[in-house]
Amino acid sequence: MLIVLAHLSVRYPFRFDLTAAQRYSLSPPTITMLQRLERPVHVVFFHDPMMRETVELYELVARQTPRVTVELYDPMINPAQARRYGVNFAGTAVMESEGRRLQVNGGAEADIANGILRVAQAATQRVCFLDGHGEPDPFSLESHDHLEGAAGHSHGLGVKYVLHERHGMAKARSALETLNYRVEKVLLLRQTAGLGDCALLVVAGPKVALLPAEVAAVSAYLAGGGHALFMLEPFVRTGLEPVIREYGIVVDDDIVIDEASHFWADVSAPAVSDYNRHQITRELPLTFFPGARSLSPTPQRVPGTAVVPFVNSSPRSWGQADPERAGFVKGRDVPGPMTLMAGALRWRVTPDGTPDEMGPRSRIVVVGDSDFATNSFFHIMGNGTLFLNTINFLAAQENLIGIQPRTSDPPRVNLTNRQMKGTLVLSVLLVPAALAVVGTAVWWKQR
């Protein structure tokens, strides 16, 4: 009988002929991006017979919009086409749009989507990272010279900033360049033309205060319609507090302690999985902020501004004024939930109080932490996605929100304190107790 079945399976193999749409599904951000493409993109993909899944993925992409067309060649069968496009190996895609050409070697959805975006965009936007005040270097792959998550290590309470332990932000820079941004460092005291060429200014965790001339340059850039992302560490006076206050946001002089939801065992690293509704936080996984200060609205609304909180800590958190020791003190500390990230829009107001429709509009986002976007934490959970979504929102590239490049970091399991406690109770108490009950019942039945 077994021989007959084996014979039948060889002569008449069972086949499941599913279309690419049945086997795969593109993520909603990729579909939205493809449907919003403004320029045609022609893709020539060179493959071998073992790359059927990637071929079907390209076919599925082409079905989403008529602006994307795909040609498929096997370089062994069509060597002339491979020579024409300068392709030496299978697995290479050549993307063209209005005279621009780009080669993409990855076969994942993120590689394909980012390649189409890069070749379709006519201009590259310049993202300027402020430098000269101890900020993390966007061109450095350096991480802390200790193991993150080690016992007794914290980015919040009692932290001392040491330059040789600075985080780099090269992972964030690489991700931005994949999305067709151009990243540069700027020293305001050396900038003769100011920040006028910057599509976006990023102030990432300065450790010393800016000089009055630098603060004035930032204020003038924003007044002219510029946009900025401020990531400010707790208990560090940067001199930018009055500038941010003009948008209706107060940078509190505290550190957020969250005993209910935090990353690993560090109560000064609040973890968040429930967000306020906004395109920046749409479908965002868990994020955490190692050592974060809180943000508050100004006592009186600033005319010509609109403030929106994006990320809040849990109701069991508080804003602590003592930087050395965790412990809520009634009357001194502020009970939660605390705002960790907020955005604001400012527009010019006429003398009679109405908005000036012809005047410049400026957007800023303020985060009470900068460590979440550094090399040590960028690739963990939703931290990198949050950073990229924020940049895309400020740069008015909403069609890029939700799309991020792959990273080469090895996968790891990251749990909040609540998840770790649940795992401990399940593995150490509940499972052994259930086995003991079952074993006792079997023994009693067999007596």
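1. Val 61 lies in helix 4. Helices here are DSSP runs of H or I with at least four residues, strands are runs of E with at least two, and both are numbered from the N terminus. This is a predicted model, so to speak of local features takes a pLDDT of at least 70, side-chain atom pairs count only at pLDDT 80 or more, and totals for chains, interfaces and linings use all residues. Residues are numbered from 1 along each chain as its sequence is written, and side-chain values use heavy atoms, with hydrogens and water left out.

2. Staying with Val 61: is this residue buried or exposed? Buried, because its relative accessible area is 3%, and the label buried means under 20%, exposed means over 50%, and partly exposed covers what is in between (1.4 Å probe, protein chains only). Leaving out residues up to four places away in sequence, Val 61 touches Leu 26, Leu 34, Val 68, Ile 112 and Ile 116; a contact here means heavy atoms within 4.5 Å. Val 61 and Ala 113 sit 52 residues apart in sequence but have C-alpha atoms 8.7 Å apart.

3. Searching the whole structure turns up 1 cavity of 30 Å³ or more, and the largest cavity holds about 30 Å³. For the method: on a 1 Å grid over the protein atoms alone, a cavity is a set of points where a 1.4 Å probe fits but cannot get out, and lining residues have an atom within 4 Å of a point. Points are joined across faces, edges and corners, and the volume is the space filled by probe spheres set on them.

4. Which residues line the largest cavity? They are Leu 26, Thr 30, Met 33, Leu 34, Leu 57, Val 61, Glu 109, Ile 112, Ala 113 and Ile 116. By class, the lining has 8 nonpolar, 1 polar and 1 charged residue (nonpolar: Ala, Val, Leu, Ile, Met, Phe, Trp, Tyr, Cys and Pro; charged: Asp, Glu, Lys and Arg; polar: the others, Gly among them).

5. On to the packing elsewhere. The largest nonpolar core has 38 residues, and Leu 176, Val 202, Leu 229, Met 231, Phe 289 and Phe 387 have the most contacts inside it. Helix 10 (residues 383-394) contributes the most to this core, with 6 residues. Apart from it there is another core, of 27 residues, including Cys 128, Val 186, Tyr 247 and Leu 295. A core is a set of buried Ala, Val, Leu, Ile, Met, Phe, Trp, Tyr and Cys residues joined through side-chain atoms within 4.5 Å.

6. Helix 7 (residues 170-178) has Ala 170, Lys 171, Ala 172, Arg 173, Ala 175 and Leu 176 buried. What covers its buried residues includes strand 5 (125-130), strand 6 (181-186) and helix 10. Just after helix 7, Asn 180 adopts a positive phi of about 75 degrees.

7. Take a look at Leu 232 too, in the loop between strand 8 (228-231) and helix 9 (241-245). Leu 232 counts as buried because its relative accessibility is 1%. Its contacts, neighbours within four places aside, include Val 203, Pro 206, Ile 244, Arg 293 and Val 367. Leu 232 and Val 367 are 135 residues apart in sequence, yet 6.4 Å apart C-alpha to C-alpha.

8. Most residues other than glycine have a negative phi, and most peptide bonds are trans. Phe 235, also in the loop between strand 8 and helix 9, has a positive phi of about 60 degrees although not a glycine; at 30% relative accessibility Phe 235 counts as partly exposed. Met 381, in the loop between strand 18 (361-367) and helix 10, has a positive phi near 55 degrees and is partly exposed at 36%. The peptide bond from Gly 336 to Pro 337 is cis, with omega near 5 degrees, and Pro 337 lies in the loop between strand 16 (334-335) and strand 17 (339-347).

9. Whole-chain numbers, to finish. The protein chain has 11 helices and 18 strands, and 46% of its 447 residues count as buried. Among contacts with a separation of 6 or more, 74% join residues 24 or more positions apart.

Note on methods: 1 Å grid on protein atoms, 1.4 Å probe; cavity = no way out; pocket = protein on both sides within 12 Å on 5 of 7 lines; lining within 4 Å.
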